[in-house]
Structures are given as C-alpha cells and as structure tokens.
Amino acid sequence: MTHPLRHRDFRLLFIGRTISTLGDAVVPAALAIAITRATGSSGALALVLGCAMVPRLLLLPLGGVVGDRFDPRLVALTTDLVRAAAQIFVGLELIGGEPSLTHIAVAEALGGIASAFAMPTASPLVAGTVEGPMRMRANALLGSVSSAARLGGPALAGVLVYTAGAGWAFVLDGASFVVSAALLATITVRRSPATRSSLFADLTEGWSELRSRDWYWTSLIGHGAWNGAAAVLLTLGPLIASQRLGGDGVWIAMTQAGAAGMLVGSLIAGRVRPRRPVLLANLGLALYALPLLALAVAAPAPITVTAYALAMTGLGFLNPVWQTVVQQEFPAQVLARVTSYDWLLSLAAAPLGYTLAPLAAEAWGSTTPLVFTAVLVALACAGTAAVPGVRRVGTAGREASEDREALEAREAREQGEDRAKGSDRSESDGQSGGGCKSATEVGS
C-alpha cells in the first residue's frame, strides 16, 4: 500500500495542518497569561474564551452546510485567512502594550466564527486527497501531529511569552494560518457537491443521515459524556493535585503524560486495522473513568498520572479511527454536515461540565461529582457495545467503500479520456473542475 505522504496533495495538506496545529498549540497558554496579566481577572479570561466558543458551537451546523455546498478547500482557505487576521490583530494589540479587552474579545469571536466553518471541512479534505485504503494512516498522521503539538505547545508558549512576549505567540499563530492557506491554494481536492436546496432541507438531510445509523448517534452520546467528564476533571483536577497529591508539579505531569498518551494512541491507530474499529475505540474512551476515580480517592501520584496517560491513549486511538470510519460510511456529499453535527454534539456537554463541577464540589465535595462522572462515562462509552451497529460497522463497510471509490476513480479516468478525445466534448471541457460527482476540483 502506498504511503499517503507520497501523494502530493495530501503531503501539502499535511504540511499546512502541521504548521497551523503547532501555531494553535501555543495560543491557550499565551492567551491565559496575557489576559490575566492585562486584567488580573479570571472572569475576563472566561469572557474571551466564551466569545470564541459560543459562536463556534452555534454556527457549526451552518458550517457543515457550507462545506458540503461549496469546495471544502476554498472554505478552509478562506477561514485560514480570517483566523490569521484575527490572531495577528490580537498579537499587535498585546505588543502595543495597552490591549483592549473588547478588541480581543471581538477578534476571538471572529476566530470562533471562522472555526465553525473550518472544522467541518477536515474530513472532506482528507477524503478528497487520499484514497480509502490509505485514510487510516493519513488520519493517524494528522492525529500524531496534533498530539505532538499538545505535548510541545505549552513549552513553546512559555519560551515565547517570557522572551519575546505573549503577543508574538499570536503573531506566530496568525503566520501559521497564512502558510496553511498558501498551501491549500496549490492542492487539488476531489469532491462530490451536494444537491442545492434550502438551508433547512440541507440541515435536515444531514440530521437524517446521522439518525439513520445507530452506531453513529449512540457513539456520539458516549463522546458527549466523555467531553463532559473531561470538563469535570479539568475543573477539579488541578486543585486536588495541588492540595492532596503533592503539588502543582503533579498536575503538570498529568497533562504531559496525557499528551504523550494521545501521541501513542495515534501511532497505534496507524498500525492496526481492527475488525470492529468503533467498538474498540469506544471501549478505549471508557478508560477515562480511571483518572476520575484516581482523583476521587486521591490515589498516589504515579497511579493517577499513569491512569490519565492510559485514558488519553484511548482518545488518541479513537480520533483517527473514528474519522476514517465516518469517511468510509457516509456519502461524500454529506460529509461536512455529518462532521459538524459530530463536533456540536460531542462538544456541547463540555460547558455543562465546566459549570456544574464546581457547584457539585461545593455542595457535596469533589469525590461525589468525580465518581458520578466516572460511572457515567464508563456506561455511556462501554455501553455502546450493546448496539448492533457498533459491533458490526467496520470490515464490510470498508470493503464496500473501497469498491465504491474504485468505481468512482475509474469513472473519473474514463471521463478524462473522453475529454482528451476532443471535439464532441469541447463545451464540457471548458468548465474548469467539472460538476459531476467524480470530477476533481482544481485549485486556483
């Protein structure tokens, strides 16, 4: 099997995503330091984070419709440029020495809006640059880069903040988006445009595709529970680590071990081809109950750190496996909409966890919400094993997908040969990129 990086279009997509992911990885720490330095208020940081998160969640379904209606390459390119402008603007505000909280909040909101349109294009871009048999390895490569960035991003952010200043971290992130956009402009992405209809009809069609597959919507319930549990752990974990496990260094060790675990999980996903990929990946997510229980009973630091590393290994394994199965099981013309609902339903539980965790801890102590959340995430993720579709999806679907893609590739080659014959197809040849299902879209 040919390695996906041997294909020019995916190689350029991979390079662009690697650069922009590394740029993104330095922003969370730099933003937290910059806002708290400028305002001295955690509420101000919450406001800025909320300005980015709320429009992203609200507009994700619309972003999915746009990603299916139009060329996902052009959508991703445009959103990269918008996010570049927003991050560079924030960087210049901070470098100027008198940053305005309002200006930064508006810029982050603009970046959040752009993200809502960019996120649904991720799967169509991979599906349009890599053939089916290579997608698992391609998704694993992208997952490994993301995990490595999580591992090294905070350290790079610290170097930038304490040497050049927080503003330069944002300028670096903006520059990374510019590079990503420039690379997107040079690649070719196959696409199957969705049939034009009303916005409501497009949203309904995407939702119907989601509901028609029991393995998909039941897994999303588990993924939502996982994100809610992660919010609880990230809210209560730092204080428990500091006060009961040996100090702030334990929490730092947990976060680094978690990032390393994600990297290992992504690498494993690129090496194995399980017969029941969704079942195995969901069982891996259920491991998140381990660090929740370890924190609940204040287990020794080495046990807690190891438990968190195992849990994040499960997440690192799930991400490329899940993306590959989704790309194989859903028609290309609805892929962006399905992906947008995936993100929306998976992330919606996180704000609930951030809100309820401190309230529950104040009322009953930290042990109760941690144990409850551990049981919830274990049942929601491992419980998907009872769903027939979760146990069944994988091998048969992959074979059918590869047959379908081979047929579409053959049709595309035949159309290219017909156009090369000339005269009787000259009018059709004049339409750059073509409009039929298997035609390729050429970047300009």
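Helices here are DSSP runs of H or I with at least four residues, numbered from the N terminus. In this predicted model, the protein contains 20 helices and 2 strands, and serine 144 is placed in one of the helices, α7, which covers residues 135-163.

Among the contacts in the protein with a separation of 6 or more, 88% are accounted for by residues 24 or more positions apart.

Several individual positions illustrate how the helices are covered. Serine 144, in helix α7, has a relative accessible area of 11% and is therefore classed as buried, the cut-off being under 20%. When residues up to four places away in sequence are not counted, serine 144 touches Leu263, Ser266 and Leu267. Alanine 105 belongs to helix α5, residues 101-118, and is likewise buried, with a relative accessibility of 8%. The C-alpha atom of alanine 105 is separated by 4.9 Å from that of valine 48, although the two residues are 57 residues apart along the chain. Helix α6, which spans residues 122-129, is mostly covered, since 7 of its 8 residues are buried; these buried residues are Ser123, Pro124, Leu125, Val126, Ala127, Gly128 and Thr129.

Two helix pairs that share α14 were examined next. Two packed helices are described by the angle between their axes and the distance between the axes. Helix α13, residues 289-296, and helix α14, residues 301-329, have axes that come within 7 Å and cross at roughly 160 degrees. Because angles over 145 degrees count as roughly antiparallel, α13 is roughly antiparallel to α14, and the crossing in which α13 passes α14 is left-handed. On the α13 side the contact is made by Leu290, Pro291, Ala294 and Leu295, which meet Thr304, Ala307, Tyr308 and Ala311 in α14. By class, this contact of α13 with α14 comprises 7 nonpolar residues and 1 polar residue, with no charged residues.

The loop between α13 and α14 holds alanine 298, whose phi is near 55 degrees, a positive value in a residue other than glycine. Alanine 298 has a relative accessible area of 24% and is accordingly partly exposed.

The second pair brings α14 together with helix α10, residues 214-244, the axes of the two helices coming within 13 Å and crossing at roughly 150 degrees. The helices α10 and α14 are therefore also roughly antiparallel to each other, and their crossing is left-handed. From α10, the residues Trp215, Tyr216, Ser219, Leu220, His223, Trp226, Leu233 and Leu234 take part, and they meet Tyr308, Met312, Leu315, Leu318, Trp322, Val325, Val326 and Glu329 in α14. The residues of this contact of α10 with α14 divide into 13 nonpolar, 2 polar and 1 charged. Tyr308 of α14 is listed in the contact with α13 and is listed again in the contact with α10.

How values were computed
Residues are numbered from 1 along each chain as its sequence is written. This is a predicted model: local features need pLDDT of at least 70, side-chain atom pairs count only at pLDDT 80 or more; totals for chains, interfaces and linings use all residues. Side-chain values use heavy atoms; hydrogens and water are left out. Axes are lines fitted to C-alpha atoms, for helices over the stretch in contact, and angles run from 0 to 180 degrees between N-to-C directions. Angles under 35 degrees count as roughly parallel, over 145 as roughly antiparallel, 65 to 115 as roughly perpendicular and the rest as oblique. A crossing is left-handed if the near helix is turned anticlockwise from the far one by less than a right angle, and right-handed if clockwise. Contact means heavy atoms within 4.5 Å. Ala, Val, Leu, Ile, Met, Phe, Trp, Tyr, Cys and Pro count as nonpolar, Asp, Glu, Lys and Arg as charged, and the others, Gly among them, as polar. Buried means under 20% relative accessible area, exposed over 50%, partly exposed in between (1.4 Å probe, protein chains only).
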